[in-house]
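The sequence and the model come first, and the description follows.

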Amino acid sequence: MRSALLDLVARITDDDLPAYVYDLPGLREHVHAIRAALPERVELLYAAKANSDPRILRTLAGHVDGFEVASGGELSHVRGLTPDAPIAFGGPGKTQTELTHALDAGVERLHIESEHELRLVTTLVGDRIVDALLRVNLPVDLGQVALAMGGQPTPFGMDTAQLDGCLAVIAAEPRVRLRGLHLHLASGLTAPAQLALVDEILTWAEDWAHERGIDLAEVNIGGGMGVDYARPHRMFDWPAFGAGLRPILARHPHITLRIEPGRSVTAYCGWYITQVLDIKVSRGQAFAVLRGGTHHLRTPAAKQHDQPFEVIPDDVWLRPWGRPGAHNVPVTLVGQLCTPKDVLARRVMVKRLRVGDRVAFAMAGAYAWNISHHEFLMHPHPTFHHVDDVEVSVPGTYAHQMS
Ligand SMILES: *Cc1c(COP(=O)(O)O)cnc(C)c1O
């Protein structure tokens, strides 16, 4: 953990735990490195659904080309925080109210999910102009991926055979301008897998457009850049991805490639900090019961992994009885919920973990708090904290530095 984070965590009182801590300077460095790795002709959007914390969005705003939103709520939220940032509005099941809102807000792109949705847009567009991408579920073989949004029957986008119907609707409504195609097919991809997919998508898209005499300006390949929770230091290889894109893009000189990652951008900047309330051995297995749990950090339950963590020891023990602890044994870290599913990490070796020690769960910056069932059991919500460079100049507070 970076020392700026540790300093901040030290100032959080026990009563303010659990706490989410977001490392904004770390996020800024990370997104800067992503941007620097990508060729010029790639536009980088951030998928707001991964984490729409206001200060995270404001931190990203200067480094991305825009935001992808997937609901009217996200649209209002992002527009309110970053009024000038381009917004792409996607997602299945858009209501008429949401589409009207998007048209009124002048979204930069509308990602169309079906012919029905397109027809609805033509009835709402009025005298406005909207730039659209058709979302396609291309029949590709994705192999083993974390989540498949395409390449098989799904509710996302449309079959290739359904695109011609959309072209006919667009031909009759010049205020809906077809800019290109959108294909968010999978998540959890490594850089080589993502590159192979981009290559296949662009080759198919150019052929498809050529056969129809369409001027294809852009292709959005979605997000899904892999995040490996078992190996936190093995990040998606952005430099390899950027380098691999150059020859692919050279074969498609007229296409602007757009990407809209979420998880791989913000996962690493977030920490969920909590504390050991009790330690017990049940039939030979050690359990540490923590403040909070999967109602705050649902990611490990949703994805069935062990959330990586660091122990922050607290050596103060004032009780007159012996301090419960686990030493050099596998421990299962659970929360306060009355369900066996409330597990954050299962049978993980720890050197030393005692009641009162703090536990900092890493990689809690994406699909973490915002996907959790906060009200289940009515425990208090966590507190939220941000490490920010701005505080460097304030005497007596932590400085931003690498640990
Ligand atoms: C969720 C989603 C993303 C972001 O996916 P990540 O796996 O978080 O990178 C991008 N585009 C669309 C259409 C999505 O639904």
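Into which domains is the protein chain divided? The chain is divided into domain 1 (90-261) and domain 2 (268-402), with bounds that come from an automatic or database domain assignment. The model is a predicted one, in which local features need pLDDT of at least 70 and side-chain atom pairs count only at pLDDT 80 or more, while totals for chains, interfaces and linings use all residues. Residues are numbered from 1 along each chain as its sequence is written, and side-chain values use heavy atoms, with hydrogens and water left out.

Taken over C-alpha atoms, the centres of domain 1 and domain 2 are separated by 38 Å. Their contact (heavy atoms within 4.5 Å) takes seven residues from domain 1 and nine residues from domain 2.

The two pockets below were found on a 1 Å grid over the protein atoms alone, where a pocket is an open set of points at which a 1.4 Å probe fits, with protein on both sides within 12 Å along at least five of seven lines, and lining residues have an atom within 4 Å of a point. A volume is the space filled by probe spheres set on the points, which are joined across faces, edges and corners. In the classes, Ala, Val, Leu, Ile, Met, Phe, Trp, Tyr, Cys and Pro count as nonpolar, Asp, Glu, Lys and Arg as charged, and the others, Gly among them, as polar.

| Pocket | Volume | Lining by class |
|---|---|---|
| Largest pocket | about 950 Å³ | 20 nonpolar, 14 polar and 11 charged residues |
| Second largest pocket | about 570 Å³ | 14 nonpolar, four polar and four charged residues |

Of the 45 residues that line the largest pocket, Leu147, Ser187, Gly188, Gly224 and Arg263 are the closest to its centre. Because domain 1 and domain 2 both give residues to this lining, the largest pocket lies between them. Among helices and strands (DSSP runs numbered from the N terminus, helices being H or I of at least four residues and strands E of at least two), H11 supplies the largest share of that lining, three residues.

The second largest pocket is lined by 22 residues, and Arg2, His233, Met235, Tyr268 and Trp271 lie nearest its centre. Helix H2 (24-37) and strand E14 (309-312) are the elements that give two or more residues to this lining, and H2 gives the most, with four residues. The second largest pocket also lies between domain 1 and domain 2, since both give residues to its lining.

With a disulfide taken as a pair of cysteine sulfur atoms within 2.5 Å, the count comes to zero. Cysteine 166 is buried (under 20% relative accessible area, with a 1.4 Å probe and protein chains only) at 0%, whereas cysteine 338 is exposed (over 50%) at 73%.
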